[in-house]
Amino acid sequence: GKKKDKEPAEEGVDAALRITFSDACVLKLKGPTAYAAAAELEGCVAAWQGRRDVRAANLAAMVALAQTKVEWANPEHSAELQRLWALCKPDVPMPAPTRDVHATPGWKDAGFQSNDPCTD
């Protein structure tokens, strides 16, 4: 947490404002605009913290998505894989599965490690 402390004014200098963010980060502002600068700084820090929280939430969502096992039997996954095929190979129709096997060299050509994107 942060705390603000007023320091006694030095001779010929306006009162100083010390803002303690942590043991390692203490900011000392002096002069007639010290409180305005402190308020602006607090706004900047709050905005940064908000963006940091959003980035952390986005990262957690991406990690969860990356850990999702993709399966042809899942209609949502199958539709997305078909959409991906159409984007990667717009001039090549996606081959129909043979006996529930969806492996085709086209997936490897599109950048997957194997001929079936569900095994990557």
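Predicted model: local features only at pLDDT ≥ 70, side-chain atom pairs only at ≥ 80, totals over all residues.

User: Let us begin with charged side chains. How many salt bridges are there?

Analyst: Side chains of opposite charge can pair when their charged atoms come close. In this structure the count comes to two salt bridges. One of them joins R52 and D53, whose closest N and O atoms are 3.3 Å apart. In the other, the side chains of E80 and R83 meet at 3.0 Å, N to O.

User: Where do E80 and R83 lie?

Analyst: Both belong to helix 2, which spans residues 75–88. E80 and R83 are three residues apart, about one turn of the helix.

User: Is E80 buried, partly exposed or exposed, and what of R52 and D53?

Analyst: Relative accessible area decides the class: under 20% is buried, over 50% is exposed, and values in between are partly exposed. E80 has 43% relative accessibility and so counts as partly exposed. R52 is also partly exposed, because its relative accessibility is 37%. For D53 the value is 46%, which again means partly exposed.

User: Which residues form a nonpolar patch on the surface?

Analyst: The patch consists of L59, M62 and V63. Together these residues have about 290 Å² of accessible area. M62 is found in helix 1, which covers residues 34–66.

User: Why does M62 count as exposed?

Analyst: M62 counts as exposed because its relative accessibility is 54%, and the class begins over 50%.

User: With which residues is S78 in contact, leaving aside its neighbours within four places in sequence?

Analyst: With those neighbours set aside, S78 is in contact with E71 and W72.

User: Finally, how should I read the cysteines? How many disulfides does a search of the whole structure find?

Analyst: A disulfide requires a pair of cysteine sulfur atoms within 2.5 Å. The search of the whole structure finds zero disulfides.

User: Which class of accessibility applies to C88, and which to C118?

Analyst: C88 has 40% relative accessibility and therefore counts as partly exposed. C118 has a relative accessible area of 15%, so C118 is buried.

Terms used:
Residues numbered from 1 in each chain as written. Heavy atoms only, no water. Buried < 20%, exposed > 50% of the residue type's maximum accessible area, 1.4 Å probe, protein only. Patch = residues over 30% accessible without salt bridge, like charges linked within 9 Å, V, L, I, M, F, W, Y side chains within 5 Å. Areas by Shrake-Rupley, 256 points an atom, 1.4 Å probe, with all protein chains shown as cover. Salt bridge = Lys/Arg side-chain N within 4 Å of Asp/Glu carboxyl O. Helix = DSSP H or I, 4+ residues; strand = E, 2+ residues; numbered from the N terminus. Contact = heavy atoms within 4.5 Å.
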